[in-house]
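Open the model in your viewer and keep the selection tool ready. Each stop names what to pick and what sits there.

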Amino acid sequence: MQTFTEKVKEEICDNIKQSNNNKLLFWAVLLIISEQNNLKDTLKLTTKYIPLIKFFKTFTNLNEEYEIQISLNQTNKLQAKQTFYDVLFIDKTHSFDQYIKEFKKIVNTDPKQFYQFVLIALFLILGSISDPKKSYHLEFRVNNSIQKTLILKALSFFQLDYREIEYRHKTIVYFKKIIVISDLLKILTANKAMFFLEDNRISRDMVNNIQRLVNLDICNLNKMTKSAVEQSKMCQIIQTSIYYQDLSYKEKIYCDVRAKSPNINMQAICDIMNQIDSSLVIKKGSLCHIVKKIKSIYTKI
C-alpha cells in the first residue's frame, strides 16, 4: 500500500512528465546529487521511491543524450523491509557540468522557476510528508551544507516559514503549519495532495467544533443539574424553617414544586406552577427573581 509521501511524489512526477519542464527537473536533480558525489563521469542516487525511478527511465528513453543504470541496493541492512535502488547517471558526452551550469543560469532570468524546481528535486530526493489524517508534518532531510543553502534560499524566496533541527549529522528542515504545508504542496505542483490536505483540515476542524459544542452542552447541563439539586435542598430546608411562612404565594408554590422535583429544568417548573394555578402566569424571567429570593432566605438559616 502506498504511503502518502509516495502518492505525492507520484503526482509530482506525473505532472512534470506531462509538461515541457521535465528537462529542468532532471537538471535540478543533477545539481542536488552532484554536491554529494565524488565520481567524475557518473552521479549516483539511492532512493526507494518508484515514481522517481519511473520518471528517470521515461525521461532518458525520450532523450538519448542521457543514460542511467538502475540496480537493487542490498547494502542497507537497517531497512531490510524496504527495497532501495541505486540510480547511476552516466555522462556519455561529458555534459553534466554544462547541464548544471545551464540550470543555474535560470536563477538570473526566472528565479521563481529555478527555486521551484530546486524544491521539487529536493522533495523528490530528500523529502517526506505524513498522512494528513494522522498529523501535519512535511520535512526535508538535508545531507550537506550546499543542499541546506539551496533549500533555505528557496524557502526564503517563497517566504515559507520553517523550523530546523540537527539530527544524526543531518539537517532536518520541517513544517508543522498546515497553511505553509498547503502552500508548499502547491509550489511542488501536487495540487491533488493539497486539496486532500485541505479537505482533511476542514473535516477535522468541523469534528473539533462539534466536539467543543457537545462538551459545552454537557458542561452547561451539568451546571444546571447541580444548581437544580442545590435549589431543591434549599427549598426542603426552608420548608421546615420559620421563614417558610414569610414566603409569598408564588414563592411557596415554587418551594414546594422544586423540593419534590430536583431534576427538572426551569421551564418545566414554570409549566407545573401554571398548572397548579393558571392565574399566576409564571415565566422563566419571574422565576429567576423567586430563585434569588429563596437563595437569600437560605443564607439566613
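A salt bridge here is a side-chain nitrogen of Lys or Arg within 4 Å of a carboxyl oxygen of Asp or Glu. Side chains of opposite charge can pair when their charged atoms come close. This is a predicted model: local features need pLDDT of at least 70, side-chain atom pairs count only at pLDDT 80 or more, and totals for chains, interfaces and linings use all residues. Residues are numbered from 1 along each chain as its sequence is written, and side-chain values use heavy atoms, with hydrogens and water left out.

**Stop 1: Lys 293 and Glu 251**

Select Lys 293 and Glu 251. They form a salt bridge, with the closest N and O atoms 3.3 Å apart. The pair links distant parts of the chain: Lys 293 is in helix α11 (residues 284–298) and Glu 251 in helix α9, 42 residues apart. Helices (H or I, at least four residues) and strands (E, at least two) are DSSP runs, numbered from the N terminus. Helix α9 covers residues 249–260.

Is Glu 251 buried or exposed? Glu 251 counts as buried, because its relative accessibility is 9%. Lys 293 is partly exposed, at 36%. The cut-offs: buried means under 20% relative accessible area, exposed over 50%, partly exposed in between (1.4 Å probe, protein chains only).

Stay on Glu 251 and show its surroundings. A polar atom of its side chain lies 2.9 Å from the backbone nitrogen of Ser 248. Leaving aside neighbours within four places in sequence, Glu 251 is in contact (heavy atoms within 4.5 Å) with Ile 290, Lys 293 and Ile 294.

**Stop 2: Asp 86 and Lys 44**

The structure holds 8 salt bridges. Another one joins the side chains of Asp 86 and Lys 44 (3.8 Å, N to O). Asp 86 lies in strand β3 (residues 84–90) and Lys 44 in strand β1 (residues 42–47), so the pair ties together parts 42 residues apart in sequence. Asp 86 is buried at 14%. Lys 44 is partly exposed at 37%.

**Stop 3: helix α8**

Pick Arg 201 and Glu 198. Their salt bridge has its closest N and O atoms 2.8 Å apart. The two are 3 residues apart in helix α8, so about one helical turn separates them. Arg 201 is partly exposed, at 28% relative accessibility.

Now select Ile 218, also in helix α8 (residues 191–239). Ile 218 is partly exposed, at 44%.

**Stop 4: a network**

Finish with Lys 148, Glu 164 and Glu 166. Salt bridges link them in a network.

Notes:
A polar contact is a pair of N or O atoms within 3.5 Å; within protein, one must be able to donate a hydrogen and the other to accept it, and residues adjacent in sequence count only if both atoms are side-chain atoms.
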